[in-house]
Amino acid sequence: MSVRVPLIELKQVSKLYGDRRVLDEVSLSIEQGTATALIGRNGSGKSTLLSIIAGLIHTSSGRLTRQPDIVIGYAPETFPGLKVTPEQYLRSMGRISGLIAGELEHRIQELLEVFYLEQFRSEVMMNFSKGMLQKISLIQALLVPPTLLLLDEPLSGLDLPAMDQFIALLRELKKKGTAIVYSVHEPQMIEALADQVLVLQTGKMIRNIKGTENLWVKPTTYICCTGLSSAEQMEMTGRAGFISLNIITDAHRGEGVGLTVQSDATDDFLRRVLGVGGSIVSVEPQGESGI
């Protein structure tokens, strides 16, 4: 029986910034056609790990091996509002990647349609919302079909139609052999895609779950609320019992937030939402979901 050689392998990789250890002896193997989800609170080391795999930063210790000639697509968590249009930016990125004109134009058109951005292709991105900028970042990572796709909170700011389309696109890429590594809060992207789930805590890998059958075992609560600022939403993601957060747009209530939390932390989150001046729209106990 043939042995599959990993595209990327990390052995006891650590990263220090001064005296601060942001990754602590993390080992990881990534094979072709697999999806690996990274979960953990903010500051757990997910973004640093993705940057190391992408080759953007160096390790402080440990070993990283990478197969030659792999094509890496990388979408960071934040993307700036540039003073150019999407088509100008994407043409530039495509030319850098070596795409020829006809192929590049076809690919840009295809991906703009997938993310419902075709009508905005000639508008300057400075005034784009966070969600629209996130879509542009994802498109540039997919311009050249990648061998390895790295995504940092890819669903952040996406509307539901684009979220569903994107997950379907990732599943198709995976079937064709692309390896995907992504940090995520949303349970649906873990359940739909992940072959293994790595749980990080303060830079350490504390669990490596093969498949998702043992991941969602605790009861949870879904809290729909309004009136939370971006800073307050961010604070919620760092609280004990937090699982996921998604933005909800409602024609009657405007923009709101959906929080999925562990059941035993429900009262704490409700008090916090009300304490910062937010409003509770609904509270729905859910079956088995959570870590």
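Biologist: How do the residues of the lining of the largest pocket divide into nonpolar, polar and charged?

Modeller: This is a predicted model, where local features need pLDDT of at least 70, side-chain atom pairs count only at pLDDT 80 or more, and totals for chains, interfaces and linings use all residues. Residues are numbered from 1 along each chain as its sequence is written, and side-chain values use heavy atoms, without hydrogens or water. Ala, Val, Leu, Ile, Met, Phe, Trp, Tyr, Cys and Pro count as nonpolar, Asp, Glu, Lys and Arg as charged, and the others, Gly among them, as polar. For this lining, that gives 12 nonpolar, 17 polar and 10 charged.

Biologist: Which element gives the most to that lining?

Modeller: Helices (H or I, at least four residues) and strands (E, at least two) are DSSP runs, numbered from the N terminus. Among those that each supply at least two residues are α1 (46-54), α4 (130-142) and α7 (230-237). The top contributor, with five residues, is β11.

Biologist: Thanks! How many disulfides does the structure hold?

Modeller: A disulfide is a pair of cysteine sulfur atoms within 2.5 Å. The sulfur of Cys224 has its closest cysteine sulfur in Cys225, 6.6 Å away, so the two are too far apart for a bond. The number of disulfides is zero.

Biologist: Is Cys225 buried or exposed?

Modeller: Relative accessible area decides this, with a 1.4 Å probe and protein chains only: buried is under 20%, exposed over 50%, and partly exposed in between. Cys224, at 13%, counts as buried. Cys225 has 0% relative accessibility, so Cys225 counts as buried.
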